[in-house]
Amino acid sequence: MESNHNNVPQSAHAASAGGAEPNYINAHKGIWSWMTTVDHKRLGLMYLVGVLTFFGLGGIFALLVRTQLLGPIFGGASGKQEWLFSGDTYNKLFTLHGAVMVFLVIIPSIPASLGNFFLPLMLGAKDVAFPKLNLMSFYVYVLGGIFLLFSIFTGAVDTGWTFYTPYSSTTSTSVVSAVMGVFILGFSSILTGVNFIVTIHKMRAPGLTWVRLPLFVWAQYATSLIQVLATPVLAITLMLLAIERTMGIGIFDAKLGGDPVLFQHFFWFYSHPAVYIMILPAFGVISEIITINSRKQIFGYKAIAMSSVAIAVIGFLVWGHHMFTSGQSELASAVFSFLTFAVAIPTAIKTFSWVATMYGGSLRMNSAMWYAQAFLFLFTIGGLTGLFLGTLSVDIHLHDTYFVVAHFHYVMMGGTMTAFVGALHHWWPKMTGRMLNEFWGKVSCFFVFVGFNVTFFSQFLLGTKGMPRRYANYLPEFQTWHQISTIGSYLLGLGFFITLIYMIQSLINGEKAPKNPWGGLSLEWETDSPPIEHNFHGQPVVNNGPYEFPEIDHSKSNRGGH
Amino acid sequence: MGQQSSHSTAAGHNHPKYLAHHFESMEQQNSSGKLGMWLFLGQEVLFFSGLFLMYVLARMFYPDTFLAAHELLDWKLGALNTIFLLTSSLTMALAVRGAQVNSQPQMYWNIVATIVLGGAFMVVKYIEYSHKFHDGLLPGHFFDAAKAMHNGVPANIPGAPAVFFAIYFIMTGTHGLHVLIGMGLMLWLLVRIKRGDFNSENHVYLENVGLYWHIVDLIWIFLFPLLYLVR
Ligand code: HEM
Ligand SMILES: [Cu+2]
């Protein structure tokens, strides 16, 4: 396997590079060395454990929600009021599901875990620009998680993850601690964003120009911009909500003289850009996986890089599409609708570029690539249905129905989470030094893909038939689709459970991973698997772009694996 | 500064004293620190922008309230505080200058002066707040017009005076918190100056606290007319 980068290992390490040097995992021992580490790789791993744990927790909430929606299948008319949970409990379950999944899982998922781990490696740096700040944002994340979970034990929250006023300023559930949790998590997100932007600007290896950056780095850059500029608005909003609840200050509650629609504006001014915090890193991951496994220069490098930034910018101007039915002016709605369509353009540029990259490529269908294909399929459906919702006249009917629920699950779960799991398969060998089981990887991907579509495509149908979201019960005519959806969710859960099993198996006795199992050209593949503590033996120097694979010889039909 | 930027390997640490291990040169370290701070300040501006938007909306809803209620704030104390903060920005800038010209005392005493001026600001704020508490001019549920009238304050204000005082307390309170944080950072600066940490080559930390302090000052420059000088 040829390399385009010239290491300069003229140091004393060159001799000992045969394997004597400890890696980042065993360089220091003991729990304390982990708790006080400033190594971006260890922090990335710690975030990963946190994110996956919360993913499990949020998943359990989701399965409980779906199980309730089976309806009373055992005897009785399907109109029966309660069978598993009361309406109140149900409201808490879906709120916790949403809040955990959004704020503790998806937003930190790729940036905090894989971003932390791979950004400095891809840049050829020894660490992020501010390692101590990085450690601090990890603890801020943990603290925010504790606050959010604390609310479960003090009566939980039943407002939905959107915390809409005036309900959230009047309900008796423990909104304050949940909101403070999200407030704190926001600062973790902001600090990570600041750290990454500075790292990308200042820590690039010699020769690593902006147009030689791996696209994952570009995607992280755009993401970080949004994190820094949008999150503080969420913070202030939630702070005001907490003060409103405790002191009755009349900012959002009309009864006290405030304006509930202001809350919606504030909330979506953050939360729409936040959906790009969720999806842009996934775009970056997909660019990496598809290109490496097509063994071909990516189609439209600059278009992909720039469209990330374009999405980040336009994404700030479309929040009103969540408020078409809130009574905002018709002119505002029309403008927001138009801009929503505009943001779909850079998104489509990416999708077409990925497909064009695969066209004529020398495809290696490993499990990461399977997940990437699932992403393409699911994200396309999610994005297109977004356009339905961005159309004013259509959204009046679909708003607050299962159609919206299905839309955002197609993009968040089908998009971000599939990409995240795919990325784990792609980079697992580098992070842990072990290979994953390819066969079971594909099996799990199959279950995830099928389970996902069964779960959520039925929700599109439910939505168009008028099933409103966030209800513990429904009319009898909706039952069949609800039950199909629930069965799908079990398959989906099974898929992820399989992943968990073979990941643990890999840690115990997985095959040892080589330096560069997929033949990538970006810098993270230059170092050992797992990397040494200071990442590289000597300062790497870059002479080529990250995807300058040699011409594929199409005359040969049989292509070797690695 | 340039002579340090020789390439060092993972093994050979020919780093200058203040250079963290993951940076190659002082220049890289300093410019990283500064860029990080500017981004953080961008974040601060957006944080406060939410509060300013809240202000604009409330003032649109209740113009009469704002006109009447601002009379209950003491513009003279507000102006005094403006002078304090503006002067403190000057002393802060002089402290940074002190680092650039390698003058230990200039750094030290200007930071002391900045802390004192920040403290004076907080004392005046305390006086203002305690008057408001005494008169029941408080946010939301705690607003007590009867108590104010009893104390001879003309609190029979049209519209939603509770909202005005909520906004007053939230905005000045959040700002005051930032002043306190800034003072805390400066106490730490004093320790580091005494320790001899800063010189013309290495003072990005000092400079960053300075930038932070200027933005806190700037926010007050907007708060003062918006709250005290309503027309
Ligand atoms: C082409 C791209 C997209 C378009 C045009 C689009 C459009 C929309 C519209 C118009 C709505 C509001 C529907 C309503 O409430 O009536 C919506 C909801 C939503 N979208 Fe998208 N979207 C797109 C991509 C995404 C992505 C990439 C994500 C996340 C990764 C996302 C997450 C969400 C969420 C979470 C909601 C619902 C929030 C809630 O009410 O709870 N969307 N989308
Ligand atoms: Cu949106």
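Predicted model: local features only at pLDDT ≥ 70, side-chain atom pairs only at ≥ 80, totals over all residues.

Me: Leaving aside neighbours within four places in sequence, with which residues is A:S326 in contact?

Reply: Contact means heavy atoms within 4.5 Å. A:S326 and A:Q264 are 62 residues apart in sequence, with 8.6 Å from C-alpha to C-alpha. With neighbours within four places left aside, the residues in contact with A:S326 are A:V261 and A:Q264.

Me: Which residues coordinate the copper ion (ligand 2)?

Reply: Donors are N, O and S atoms within 2.8 Å of the metal (3.2 Å for Na, K and Ca); water is not among the atoms, so sites may look incomplete. Along the chain, the donors of the copper ion follow the spacing H-x48-H-H. At 1.8 to 2.0 Å, the coordinating residues are A:H272 (ND1), A:H321 (NE2) and A:H322 (NE2).

Me: How many residues apart in sequence are the parts that A:H272 and A:H321 tie together?

Reply: Helices (H or I, at least four residues) and strands (E, at least two) are DSSP runs, numbered from the N terminus. A:H272 lies in helix α9 of chain A and A:H321 in the loop between α10 (301-314) and α11 (330-358), so the parts that the pair ties together are apart in sequence by 49 residues.

Me: Which residue is the only protein donor of the iron atom of ligand 1?

Reply: The iron atom of ligand 1 and the copper ion (ligand 2) are 4.5 Å apart. Helix α14 (residues 402-432) of chain A holds A:H407. At 2.1 Å through NE2, the only protein donor of the iron atom is A:H407.

Me: Which element gives the largest share of the shell around ligand 1?

Reply: Of the 21 residues around ligand 1 (a heavy atom within 4 Å), those that come nearest include A:W161 and A:D395. An N or O atom in the side chain of A:D395 is 2.5 Å from an oxygen atom of ligand 1. Elements that give two or more residues to this shell are α9, α12 (367-390) and α14 of chain A. The largest share, six residues, comes from α12(A).

Me: Which side chains meet in a salt bridge between chain A and chain B?

Reply: 42 residues of chain A are in contact with 35 residues of chain B. A salt bridge is a side-chain nitrogen of Lys or Arg within 4 Å of a carboxyl oxygen of Asp or Glu, and the count between these chains is one. At 3.2 Å, N to O, the side chains that meet are those of B:E24 and A:K126.

Technical notes. Residues numbered from 1 in each chain as written. Chains lettered and ligands numbered in written order. Heavy atoms only, no water. Polar contact = N/O pair within 3.5 Å; in protein donor to acceptor, adjacent residues only side chain to side chain.
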